[in-house]
Amino acid sequence: MPASLDFSNDDGLEFPLTEEQVADLADVVLSHEGVDRECYVSVSVVTDEEIAAANLEWRGHDSATDVVSLECERPDDPDLAPGEPCELGDIVLAPAYIAAQAARFGTTFADECRLLLVHGVLHLLGHDHLDDESAEAMEALEDDILAGALTDGTLGHVVITRHRTEDEV
């Protein structure tokens with residue numbers, strides 16, 4: 001079942017994906033993960049300053065980053081009535097940070113955004129990379145999902161640690 005997307009780019013920042021492409025990729029992740037419940041997902045495109053504030057508030061890191069995911073509900077929550085939509089959560093993306101990161105890792109701006117959108121939706125579904133085992137599992141999921149998605153072809157094997165800040169490595 002497709003995601004219901006609330007997409008915002010209030011500052012009109014440069015972002016290489018259309019709202020439809022964002023929604024389609026969220027659908028690909030949900031389908032890959034076997035989610036058949038309607039899910040609401042919010043995706044916000046923000047400045048580096050705004051994501052730094054969110055990163056400090058929600059993760060305790062006083063720095064800009066590429067993506068912050070804020071989980072609300074899980075599709076398999078037993079408290080959700082049959083057929084009741086799931087408020088999956090919010091994904092916040094910082095395109096200036098992502099563009100600089102893409103240049104460092106040899107990916108296109110669009111592919112780096114695709115990777116981080118997949119990464120964000122997987123976080124909303126409860127996947128994480130807090131230890132090597134879970135990082136490898138999440139990397140494999142991202143590789144598999146992105147292999148079946150329309151990309152610019154600049155993404156090789158995903159290595160999550162490349163996205164960690166120095167205090168997280």
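This is a predicted model: local features need pLDDT of at least 70, side-chain atom pairs count only at pLDDT 80 or more; totals for chains, interfaces and linings use all residues.
Two strands count as paired if DSSP finds at least two bridges between them.

The pairings were examined one by one. E1 and strand E2 (residues 39–45) are joined by six bridges and pair in the parallel sense. Within this pairing, Phe 7 has Val 43 in E2 as its bridge partner. E2 and E4 run parallel and are joined by seven bridges. Here Val 45 stands opposite Leu 93 in E4. E3 and E4, by contrast, run antiparallel, with five bridges between them. Val 68 stands opposite Val 92 in E4. E4 itself is mostly covered, with six of its eight residues buried.

Helix H2 also contains Glu 50. The relative accessible area of Glu 50 is 38%, so this residue is partly exposed. Glu 50 lies 61 residues from Asp 111 in sequence. In space, their C-alpha atoms are 22 Å apart.

Attention then turned to the helix pairs. The axes of helix H3 (residues 95–105) and helix H4 (residues 109–124) come within 8 Å and cross at roughly 110°. H3 is therefore roughly perpendicular to H4, since angles of 65 to 115 degrees fall in that class. The crossing of H3 past H4 is right-handed. On the H3 side, the contact involves Pro 95, Ile 98, Ala 99, Gln 101, Ala 102 and Phe 105. These residues meet Phe 109, Glu 112, Cys 113 and Leu 116 in H4. By class, the contact of H3 with H4 has eight nonpolar residues, one polar and one charged.

Helix H4 also holds Arg 114. With a relative accessible area of 11%, Arg 114 is buried, because the cut-off for burial is under 20%. Residues up to four places away in sequence aside, Arg 114 touches Leu 17, Gln 21, Leu 25, Leu 146, Leu 150, Thr 151 and Asp 152. Arg 114 and Ser 4 are 110 residues apart along the chain, and their C-alpha atoms are separated by 18 Å.

A further helix pair was examined. The axes of helix H1 (residues 19–32) and helix H5 (residues 132–147) come within 10 Å and cross at roughly 120°. H1 and H5 are therefore oblique to each other. H1 passes H5 in a right-handed crossing. Val 28, Val 29 and His 32 of H1 make the contact with Leu 141, Asp 144 and Ile 145 of H5. Four nonpolar residues, one polar and one charged make up the contact of H1 with H5 by class.

Methods: Residues are numbered from 1 along each chain as its sequence is written. Side-chain values use heavy atoms; hydrogens and water are left out. Axes are lines fitted to C-alpha atoms, for helices over the stretch in contact, and angles run from 0 to 180 degrees between N-to-C directions. Helices (H or I, at least four residues) and strands (E, at least two) are DSSP runs, numbered from the N terminus. Angles under 35 degrees count as roughly parallel, over 145 as roughly antiparallel, 65 to 115 as roughly perpendicular and the rest as oblique. A crossing is left-handed if the near helix is turned anticlockwise from the far one by less than a right angle, and right-handed if clockwise. Contact means heavy atoms within 4.5 Å. Ala, Val, Leu, Ile, Met, Phe, Trp, Tyr, Cys and Pro count as nonpolar, Asp, Glu, Lys and Arg as charged, and the others, Gly among them, as polar. Buried means under 20% relative accessible area, exposed over 50%, partly exposed in between (1.4 Å probe, protein chains only).
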